[in-house]
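Subject: Structure handover

Hello,

Here is the structure I said I would pass on. Please open it next to this email, as the notes refer to residues by name and number.

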Amino acid sequence: KAFHGVLTADCYLHMFDAAALLERGASTKLPPTYEPVLTIDAMASTAVAIPEVDSKAFELTTSSTGFLGMKSQKKQEFRTERENQVDSWISAFNKIKKAMTVE
């Protein structure tokens with residue numbers, strides 16, 4: 001399914017349903033208001049290319065500590081529209097994490 005991703009300065013990746021954005025924007029003259037369908041904590045995530053799966057894919061591994069201190073990891077695979085965007089996404093994750101740890 002197609003999503004529109006936004007990596008914010010406060011270190012979150014917000015994923016929006018691309019089809020819903022297009023439909024709402026086209027059907028009304030008002031700016032679309034929408035909520036992300038998925039939000040990922042980029043500080044707790046590591047992005048790596050997975051060329052063995054797809055040259056346009058990268059994987060996010062997000063670590064979290066839940067109830068009673070139990071640690072878990074969640075892996076999610078993302079595909080970009082073009083191959084050259086994979087490195088851009090990984091670089092953006094690394095830059096935003098570095099910026100947040102310097103502050």
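The notes below go from the overall layout to single residues.

Overall layout

Please keep in mind that this is a predicted model. The protein has 2 helices and 6 strands. Read from the N terminus, the order of these elements is β-β-α-β-β-β-β-α. The protein has 103 residues, and 27% of them count as buried. Among contacts with a separation of 6 or more, 43% are between residues 24 or more positions apart.

The nonpolar core

Which residues hold the most contacts within the largest nonpolar core? This core has 13 residues, and those touching the most other members are Leu13, Ala47, Phe58, Leu60, Phe78 and Phe93. Three elements, β2, β5 and α2, each give two or more residues to the core. The largest share comes from α2, with 4 residues.

Setting aside neighbours within four places in sequence, Ala47 is in contact with Phe58, Glu59, Leu60, Ile90 and Phe93. Of these partners, Phe58, Leu60 and Phe93 are also on the list of core residues that touch the most other members.

Ala57 and strand β5

Ala57 sits in strand β5. Is Ala57 buried or exposed? Its relative accessibility is 0%, and buried means under 20%, so Ala57 counts as buried. Beyond four places in sequence, Ala57 is in contact with Ala49, Ile50, Phe78, Arg79 and Val86. There is also a distance to check in the viewer: the C-alpha atoms of Ala57 and Gln85 are 9.1 Å apart, while the two residues are 28 apart in sequence.

Gln76 and Leu38

Gln76 belongs to strand β6. Gln76 has a relative accessible area of 16%, which is under 20%, so this residue is buried. Leaving out residues within four places in sequence, Gln76 is in contact with Leu38, Ile40, Phe58, Glu59 and Leu60.

One of those partners, Leu38, is in strand β3, which covers residues 38-41. Leu38 has a relative accessibility of 29%, between the 20% and 50% cut-offs, so Leu38 counts as partly exposed. Apart from neighbours within four places in sequence, Leu38 is in contact with Leu13, His14, Met15 and Gln76. Leu38 and Asp17 are 21 residues apart along the chain, and their C-alpha atoms are separated by 9.2 Å.

The largest pocket

How much space lies in the largest pocket? The value is about 410 Å³. The pocket is lined by 16 residues, and the closest to its centre are Phe3, His4, Gly5, Arg79 and Thr80. The elements β1, β2, β6 and α2 each give two or more residues to the lining. By type, the lining residues divide into 8 nonpolar, 4 polar and 4 charged.

Thr80, one of the residues closest to the pocket centre, is in the loop between β6 and α2, where α2 covers residues 84-102. The relative accessibility of Thr80 is 12%, and the limit for buried is under 20%, so Thr80 counts as buried. The side chain of Thr80 reaches the backbone oxygen of Arg82 at 2.7 Å. Not counting residues up to four places away in sequence, Thr80 touches Lys56, Phe58, Gln85, Val86 and Trp89.

Two residues with positive phi

Cys11 has a phi near 75°, which is a positive value in a residue other than glycine. Cys11 is found in the loop between β1 (3-7) and β2 (12-17). With a relative accessible area of 1%, against a limit of under 20%, Cys11 is therefore buried.

Leu68 also has a positive phi, of about 60°, and is not a glycine. Leu68 lies in the loop between β5 (57-65) and β6 (71-79). Is Leu68 buried or exposed? The relative accessibility of Leu68 is 71%, and exposed means over 50%, so Leu68 counts as exposed. To sum up this pair, Cys11 is buried, whereas Leu68 is exposed.

Regards

Definitions and conventions: Residues are numbered from 1 along each chain as its sequence is written. This is a predicted model: local features need pLDDT of at least 70, side-chain atom pairs count only at pLDDT 80 or more; totals for chains, interfaces and linings use all residues. Side-chain values use heavy atoms; hydrogens and water are left out. Buried means under 20% relative accessible area, exposed over 50%, partly exposed in between (1.4 Å probe, protein chains only). A polar contact is a pair of N or O atoms within 3.5 Å; within protein, one must be able to donate a hydrogen and the other to accept it, and residues adjacent in sequence count only if both atoms are side-chain atoms. Contact means heavy atoms within 4.5 Å. On a 1 Å grid over the protein atoms alone, a cavity is a set of points where a 1.4 Å probe fits but cannot get out, and a pocket is an open set with protein on both sides within 12 Å along at least five of seven lines; lining residues have an atom within 4 Å of a point. Grid points are joined across faces, edges and corners, and a volume is the space filled by probe spheres set on the points. Ala, Val, Leu, Ile, Met, Phe, Trp, Tyr, Cys and Pro count as nonpolar, Asp, Glu, Lys and Arg as charged, and the others, Gly among them, as polar. A nonpolar core is a set of buried Ala, Val, Leu, Ile, Met, Phe, Trp, Tyr and Cys residues joined through side-chain atoms within 4.5 Å.
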